[in-house]
Every structure is written in C-alpha cells, then in structure tokens.
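Biologist: Hi! Could you walk me through this model, please? I'm new to reading structures.

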Amino acid sequence: MSLRVFAPGRVNLIGDHIDYLGGDVLPMALPLGTEVTLTPADAFEFVSAQYPERWTGDDWPQPSGQWFDYVVGCIQLWPDSTPVRPCRIAVTGDLPRGSGLSSSASLEVAVLTALNAWLNAGLSPTEVALLGQRVEREWIGLNCGIMDQYASAWGAAGHALHVDCSGPRHVQVPLTLGDSGFWVVNSKAPRGLPGSLYNERVAETAEIASRLGIAGALARADVNAADALPPRLRQRFRHVVSEQRRVGQFVEAAAARDVLSMGALMNESHASLRDDYEVSGEDLDALQAALVACPGVLGARMTGGGFGGCVVALIRNDAAASVRDQVRSDYQTSRGRTPDFIGGTPSAGARVL
Ligand code: GLA
C-alpha cells in the first residue's frame, strides 16, 4: 500500500530574517509544493521525477548537494521510538528549486508527514516542522529559523499565518483583500552562496545578542540598546527591530483591509533588507523597483532568505495584467531575464492525499 502526501512551499508576506531571533513572521502556503509517494519495500530507494540522481541502500551518504540529502536527513533524525522500515520514496513537485519558495522545507515536511502517517508516530504539525528545521541545521548545515517548515506544515487556505517564532505558535490572518492580491515574482537570479551568507547573518545577530547581553528573543529587544554596537551590527539590529514592528503594523492593516498601508510597509521592509540587513542584490532590487514603478502596484519586497529568489508584490486586480507585461519587459531589458509571475493564492498546509 502506498501513501501519498503533499506539502506546499511558502511565500513570506513580511517579517524576514527575524524568525531565528524569536520574531513574528507572516508567511502563507502556496498552491505549489512537493508530492511524496511512500511505498514499503525491501530496501530504501529515493527517486525524483525532476532529477536523474537516485539513492538506494542504507549506507547513508553525507550531504553532497543532492536533492536526496533532505530525505536522508529526515530518516537520520527520525525519532528512534518509531523506527523507519525500508521504503521507496518517490518525489515530484512544481516549486522552482532555489528560488526562495522553500522547496527544501516542503520536501522535508512532505517526507516527515508521510513517515508520521505510515508509522503512526503521532507528531503534531509543529513537531513535524521542528524536525524539518533540525534536518536543515544538523544535517544540511543551514542555521535557519522555523518559518518555512512551519508554514508548510500549518498553511491554511485563504489565510496567512501570523507566527510567533519564539513559540512557535500562530494565529491565522484572513486575506480577503477585495480588489487586490499578492503575486510572487521570480527574479530567476542565480543565488550565489546563500547558505554561507545566511549563516553569516545568523552569526552576526548572535554577536549582537552577546554584546548586548540579551538572552531571549533578539527581535523583541529594546531598540535603544543599539547605541552600544559598532556600525555594521547597529544596522543589522535596526533591521531586526524595525521588521518586527512592521509585522505587527501589517497584521493590523490587513485586518482593516488597508492595502495602501500594507503596500507601504512592504516597501519599507524591502529597503531595510536591502540597506540595513544587506541580503537583497541587484536583481531583486531591479525587480522590486520595476514593480513599484507601475501604477496599480501597492508595494513589493524581496521575500525569504534573499540573495536572489523572489519578490512578493501587492497589486490591484485590474492592473495585474499590465503590470506583468511592463515588468517583464523592463526587467528583461535591465537584467536579461524574464521573471515568472506566480499567483499568490493562500493555500492549505501538508496533507495525506
Ligand atoms: C530562509 C530560512 C527561514 C528564514 C528566511 C528569512 O527561508 O529558511 O528560516 O530565516 O530565510 O526570513
């Protein structure tokens, strides 16, 4: 008997680079994601519809940049209380890999959700997400926060998730905005060395916390403390505390369906990630600028880890088609690539099919 599971990717509407500091974030699950089919077998076998590389056997390899590193990590970190028996795991999906829409988190959550159902392990979606985060940190080596796995595990149709990452816990935020909607725009920019730069930012914030003697959630710390920091760390800290404030304001604006304020906060967030946290890049900046130059675009910002990947934009419905044509042409001229527009429909989280 086979078991099929789907786990979505996510886009983060606001609140980037503060999940690993116990801050608030506002992701929503996308309709795109990863599907896993798990079948009991005589030996382990991991295959993908997108990649020719496959893994067979249980002489587990160290991570080497292969898609199945994530599957191996899930098996390695799976709790001993419900041992994993040999199985075939077949993976397919429609998330563009390396575009900042959490293709790896959705793979982890899909595999872990399948193991959870198959082995009757009784893990909650939060426990699945935390285990997925451990796979990234302990197996892959990316010191990420909880946002991506959490959004994939808990996504809700029609809603964003207001996640307090110091829990983690969340409340659903309805996204019925009437005449406007979110679009995810893929810059298709190569991402360089995002893992090492990401870990560098995590390390910088650890240094801020240690210099300021802050033991708890840095995103909730007192902004006045920043005066004691050297300039670069002061910049980083300014992003962290201002982004935390913007998330709260954005949630209030969403409740009031105040799309103008939501858009303005997205633009501010982009500027902060670009100038203070320095995780954007020329392609993302050009794409964001091309978007906000169009009539009908209320705001736009890079989303996720950065250094390439996607921009999320809030666009009036009646302008969406003309914005897409204009931005495709502007960005093609300035950066030589044609961005993809993906509809940002807030979707459900991981599920057995
Ligand atoms: C990546 C990480 C997340 C989060 C974002 C930035 O997607 O996996 O934990 O830190 O970057 O907000």
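Biologist: Which domains does the domain assignment give for the protein?

Modeller: This is a predicted model, and the assignment gives domain 1 (3–173) and domain 2 (176–343).

Biologist: What distance separates the centres of domain 1 and domain 2?

Modeller: Taken over C-alpha atoms, their centres are 24 Å apart. The domains do touch: 35 residues of domain 1 are in contact with 39 residues of domain 2.

Biologist: And how much area do domain 1 and domain 2 bury between them?

Modeller: About 2,800 Å², with 65% of it on carbon and sulfur atoms. On the domain 1 side, Ile14, His17 and Leu21 supply 24% of the area buried against domain 2, more than any other three residues.

Biologist: Nice. Let's talk pockets. Where does the largest pocket lie?

Modeller: The largest pocket lies between domain 1 and domain 2, because both of them give residues to its lining. The space in this pocket comes to about 970 Å³.

Biologist: How many residues line the largest pocket, and which lie nearest its centre?

Modeller: The lining has 47 residues, and Tyr70, Gly98, Ser103, Ser104 and Arg191 lie nearest the centre.

Biologist: What classes of residue are in that lining?

Modeller: There are 21 polar, 17 nonpolar and nine charged residues.

Biologist: Which element gives the largest share of the lining?

Modeller: That's α2, with four residues. Several other elements supply at least two residues each, among them β3 (27–40), β6 (87–93), α1 (69–77) and α5 (194–212).

Biologist: You mentioned α1. Is α1 mostly covered or mostly open?

Modeller: Mostly covered, as eight of the nine residues in α1 are buried. The buried ones are Asp69, Tyr70, Val71, Val72, Gly73, Cys74, Ile75 and Leu77.

Biologist: Changing topic: where is Ala215 found?

Modeller: Ala215 is in the loop between α5 and α6 (231–255).

Biologist: Does Ala215 count as buried or exposed, and why?

Modeller: Ala215 counts as exposed because its relative accessibility is 82%, and the cut-off for exposed is over 50%.

Biologist: Last one: what separates the C-alpha atoms of Ala215 and Phe237?

Modeller: Those C-alpha atoms are 15 Å apart, while the two residues are 22 residues apart along the chain.

How values were computed: Residues numbered from 1 in each chain as written. Predicted model: local features only at pLDDT ≥ 70, side-chain atom pairs only at ≥ 80, totals over all residues. Heavy atoms only, no water. 1 Å grid on protein atoms, 1.4 Å probe; cavity = no way out; pocket = protein on both sides within 12 Å on 5 of 7 lines; lining within 4 Å. Points joined across faces, edges and corners; volume = space filled by probe spheres on them. Nonpolar A, V, L, I, M, F, W, Y, C, P; charged D, E, K, R; others polar. Domains from an automatic or database assignment. Buried < 20%, exposed > 50% of the residue type's maximum accessible area, 1.4 Å probe, protein only. Contact = heavy atoms within 4.5 Å. Buried area = accessible area lost by both parts, 1.4 Å probe.
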